[in-house]
Amino acid sequence: MREVHCGSCGSTTRHQLSILEKIIQLQAASVQGETYINYACPQCNMLTRSRVVRRAKAFREIDPTKFLDNLRIYAVSLQCAKKGCKSRVELLAPVMREITEGELLLHVQMNWCNRSALCAENHPPSYPLQIRDRVMLTGTEK
Ligand SMILES: [Zn+2]
Ligand SMILES: [Zn+2]
């Protein structure tokens with residue numbers, strides 16, 4: 001398991017390594033040996049370039065498995081703001097389970113706010129946010 005720390009509010013979500021690797025393969029930045037991915041925080045709805053933490057600390061307040069039960073994990077590709085740029089802003093996006101796939105675009109446009117998420121060429125996503133692609137990584141079971 002790995003944790004992703006929101007670069008905005010500091011809250012974390014825990015993920016199976018196999019899921020995180022899919023996102024890291026799509027797009028990741030390495031800063032001083034640390035891995036950063038674009039992350040849509042389900043707590044504050046901010047899009048940030050956030051750190052993947054290798055060694056998970058012991059969880060005190062919340063049971064992470066319970067928390068993740070309420071989330072579906074998507075890989076979401078957002079349109080980059082720079083015209084002609086071929087890169088997209090690839091995000092790890094844990095989304096509350098009650099939001100259906102059909103409601104996802106509306107949820108994204110109404111609630112998400114970019115702070116530091118960037119495409120591979122370091123451009124922000126375009127506004128209004130536009131989903132170019134999305135893949136559900138978990139949540140189909142049950
Ligand atoms: Zn946050
Ligand atoms: Zn770009």
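Which residue is the bridge partner of Y74 in β7? The legends below answer this and describe further views of the structure.

**Figure 1. Overview of the predicted protein chain.** This is a predicted model, in which local features need pLDDT of at least 70 and side-chain atom pairs count only at pLDDT 80 or more, while totals for chains, interfaces and linings use all residues. Residues are numbered from 1 along each chain as its sequence is written, and chains are lettered from A and ligands numbered from 1 in the order in which they are written. The secondary structure comes to 3 helices and 9 strands, where helices (H or I, at least four residues) and strands (E, at least two) are DSSP runs numbered from the N terminus. From the N terminus on, the order of elements is β-β-α-β-β-β-α-β-β-α-β-β. The protein chain has 142 residues, of which 31% count as buried. A residue is buried if 20 or more other C-beta atoms lie within 10 Å of its own, exposed if 12 or fewer, and partly exposed in between, with C-beta atoms placed from the backbone. Among contacts with a separation of 6 or more, 69% join residues 24 or more positions apart; two residues are in contact if their C-beta atoms, placed from the backbone, lie within 7 Å.

**Figure 2. Confidence along the protein chain.** The average pLDDT is 89, and 87% of the residues score at least 70; pLDDT is the predictor's confidence in each residue, from 0 to 100. Among the elements, β8 has the highest mean pLDDT (98), and helix α2 (residues 64–69) has the lowest (60). Where pLDDT is low, the predicted coordinates should not be read in detail.

**Figure 3. Strand β7 and its pairing partners.** Strands β6 and β7 run antiparallel and are joined by 8 bridges; two strands pair if DSSP finds at least two bridges between them. The bridge partner of Y74 in β7 is A93. Strands β4 and β7 run parallel, with 2 bridges joining them, and N38 stands opposite L91 of β7. β7 is mostly covered, as 7 of its 8 residues are buried. In a regular strand the side chains alternate between the two faces of the sheet.

**Figure 4. The largest nonpolar core.** This core has 29 residues, and those with the most contacts inside it are Y39, A40, V89, L91, L92 and A93. A nonpolar core is a set of buried Ala, Val, Leu, Ile, Met, Phe, Trp, Tyr and Cys residues joined through C-beta atoms within 7 Å. The elements that give two or more residues to the core are α1 (17–26), β4, β5, β6 (71–78) and β7 (89–96). β7 gives the most, with 5 residues. Leaving aside its neighbours within four places in sequence, V89 is in contact with N38, L78, C80, A117, L118, C119 and P125.

**Figure 5. The hairpin of β1 and β2.** Strand β1 (residues 2–5) and strand β2 (residues 12–15) run antiparallel and are joined by 4 bridges. R2 stands opposite H15 in β2. The hairpin has 6 residues between the two strands, and G10 in the turn has a positive phi of about 85 degrees.

Figure 6. R97 lies in the loop between β7 and α3 (104–111). R97 counts as partly exposed because it has 13 C-beta neighbours inside 10 Å. The C-alpha atoms of R97 and N70 are 5.2 Å apart in space, although the two residues are 27 residues apart in sequence. R132 belongs to strand β9 and is partly exposed, with 13 other C-beta atoms within 10 Å. A separation of 6.0 Å divides the C-alpha atoms of R132 and Q79, which are 53 residues apart along the chain. Leaving aside its neighbours within four places in sequence, R132 is in contact with S77, L78, Q79 and R88.

**Figure 7. Backbone features in two loops.** The peptide bond from Y127 to P128 is cis, with omega near -10 degrees. P128 is placed in the loop between β8 (113–114) and β9 (131–136). N122 is also found in the loop between β8 and β9, and its phi is positive, near 70 degrees, in a residue other than glycine. N122 is exposed because 12 other C-beta atoms lie within 10 Å. N45 lies in the loop between β4 (34–40) and β5 (46–53). Although N45 is not a glycine, it has a positive phi of about 60 degrees. With 16 other C-beta atoms within 10 Å, N45 is partly exposed.
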